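This report looks at one protein model in careful steps, with the cut-offs given for each term. Please keep the sequence and the structure in view while reading.

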Amino acid sequence: MKQEHFMKRRGIISLAIAAVTLLSSCAVDGFDANERFTSDVTGQTLASPSADSITFTANADGSKTTIHWPVVFGAGGFLCSVYDVSDEANPVTLVEDSVIDGNTMQVSRTEDTNYELRIKTLGNTKLNNADAPEATVVAFNSFTPAWKTIPDGSDIYQWIQENPLPETTDEVAIDLEANGHYTMSDNVDFLGTRVTLRTTSKTERATITLGNAASFQTYSGLGFKNLIFDCSNCTNPLILLSATPSETIKNIVSTAKNIYFIEDAFVISNCLIDNLADEVIDNNKVSYCIKTFLVDNSVFHFNTGSDMSSATYFNMYTAGNACINDFTARKSTFYNTSDASMKYFIRYNNSGGPKATGYTTASVNMLQCTLWNIVPNSQIANYDGMKRTAQVTFTLDRNIIVNTGGQQFVRRYIGGANWSDAGVKEFSQNTYVFDGVDAWTMPSTDPTTWTGEASYDQSGTILSGDPGFKDPANGDFTVSGSSQLGAQSGDPRWLPAE
């Protein structure tokens, strides 16, 4: 480095999941060594780059953001910090006071995240130039650019009628205002447009109050991000797949079974679905295969209707070969406060699975989830097409499962097969409790003597003891059980701060 810096480098603080690469070679700014350090700017107090002169560009795979700013002649470098400010009250430091010898830096990028850059021009003692008096602070984010924003107080159904979706195969992101309040008086049909409905603030989520017969309809991928759904007055499924999908999505993966394939993902992220009496999703008696369904960092409060005893929370049953190829729920909570319950949590058509769809692999994954009073006397899953095949992976990792699945949670989860022939299983540190006691026994080291849930979860890693939820009937699943605290299991939102 040819400049003299009198600002002490204080290093880089980085998260394991957001490692930062700093580009500091002389080639990155387009100047050779002589051009870069030769300047007739002397004896000046320098200015930091203006906010509108700084560019942020995602790389091809979306994993990194390149930050670029114009050269400030006579400078001795730039002091840069980058923060994740998705939770404004608790910003996360990604880069702290790092001196950049150039005008480009690169940081790791996570989808749907708000960031803040602080950049200050440093002086150069050889040229008698002083530091800029202030840093420039500029916000940037990794959200897909919005198509439009729906004004606070709108009826989403009426707004969509007045604002037809564009004809495109790209994702159409529709923003709701932070802390906004919306209604939805009737079904909103997105047809074949891949829509993401969202608030861009993770901590100021908009609320949508659904009407009695209101569902979101589609035959394409769908995203809900940073939203609250008030379903207190709704008796429809939250998502109702179209009864008349386009023939253009039929048989696009395999022509063997006349399946309508939805290749774009369904994503429910950082949402609260509150007082849902009906199903989360219903395939509407059409043979659909959804390639990917992801539930992430969300809470589902079911208040299951008394007429739903034969229905399913995630229902892909009522048509030949209907299924979800890869279902994942992670860091989420599912609970039911009604005396009624569904018959199943997840149900596919009996033949739905990779043998029918043509996909080479499939999976069902629950990762660090909390389940309470979900189908307490019935089946957590029913999908014959997913069992007894090495094409399917079943993952259960650090979940807390209480009063759920009729004390046969694992048996049904792995498709009704035995542990030894249930495909690929990745199980670790799960809790199975029913009516306050462990729903399993391991009287010896011989798995043939194990009973209850342990006869099907033979990983040998089951956690013992009641998790000690604080007030589950009122939606507080704060954990006090020593085994669960030690393993940091269940939805992390209920774990005490370390």
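Arg493 counts as partly exposed, because its relative accessibility is 33%, and the term covers values between the limit for buried, under 20% relative accessible area, and the limit for exposed, over 50%, computed with a 1.4 Å probe on protein chains only.

The model is a predicted one, in which local features need pLDDT of at least 70 and side-chain atom pairs count only at pLDDT 80 or more, while totals for chains, interfaces and linings use all residues. Residues are numbered from 1 along each chain as its sequence is written, and side-chain values use heavy atoms, with hydrogens and water left out.

## The protein as a whole

The protein has 498 residues, and buried residues make up 53% of them. Its C-alpha trace spans about 80 × 60 × 45 Å along the principal axes. There are five helices and 37 strands, which are DSSP runs numbered from the N terminus, helices being H or I with at least four residues and strands being E with at least two.

How many salt bridges does the structure hold? The count is 11, and one of the pairs joins the side chains of Asp112 and Lys225, with 2.5 Å from N to O. This pair links distant parts of the chain, since Asp112 lies in the loop between strand S5 (104-108) and strand S6 (114-122), whereas Lys225 lies in strand S15, 113 residues apart. Both Asp112 and Lys225 are buried. Side chains of opposite charge can pair when their charged atoms come close.

Asp175 and Arg198 form another salt bridge, with their closest N and O atoms 2.5 Å apart. Here too distant parts of the chain are linked, with Asp175 in strand S9 and Arg198 in strand S12, 23 residues apart. Asp175 counts as buried because its relative accessibility is 11%, and Arg198 counts as buried because its relative accessibility is 3%.

## Strands S8 and S9

Strand S9 (residues 172-176) pairs with strand S8 (residues 146-150) in the parallel sense over four bridges, where pairing requires that DSSP finds at least two bridges between the strands. Within this pair, Asp175 in S9 stands opposite Thr149.

Together with helix H2 (residues 156-162), S8 and S9 make a right-handed β-α-β unit. The crossover is called right-handed if, with the strands pointing away from the viewer, the path from the first strand over the helix to the second runs clockwise.

## The largest pocket

The largest pocket has a volume of about 1,400 Å³. Of its 41 lining residues, the closest to its centre are Thr110, Thr113, Lys202, Asp296 and Asn297. On a 1 Å grid over the protein atoms alone, a pocket is an open set of points with protein on both sides within 12 Å along at least five of seven lines, a cavity is a set where a 1.4 Å probe fits but cannot get out, and lining residues have an atom within 4 Å of a point. Grid points are joined across faces, edges and corners, and a volume is the space filled by probe spheres set on the points.

By class, the pocket lining has 12 nonpolar, 14 polar and 15 charged residues, where Ala, Val, Leu, Ile, Met, Phe, Trp, Tyr, Cys and Pro count as nonpolar, Asp, Glu, Lys and Arg as charged, and the others, Gly among them, as polar. S15 supplies the largest share of this lining, three residues.

## The largest cavity and Asn403

The largest cavity holds about 40 Å³ of space, and its lining includes Asn403, Phe409 and Tyr432. Six nonpolar, three polar and one charged residues make up this lining, and its largest share, three residues, comes from strand S34 (residues 431-434).

Asn403 lies in the loop between strand S32 (400-402) and helix H4 (409-413). Asn403 is buried because its relative accessible area is 17%, and its phi is near 50°, a positive value in a residue other than glycine. Most residues other than glycine have a negative phi.

Methods. Salt bridge = Lys/Arg side-chain N within 4 Å of Asp/Glu carboxyl O.
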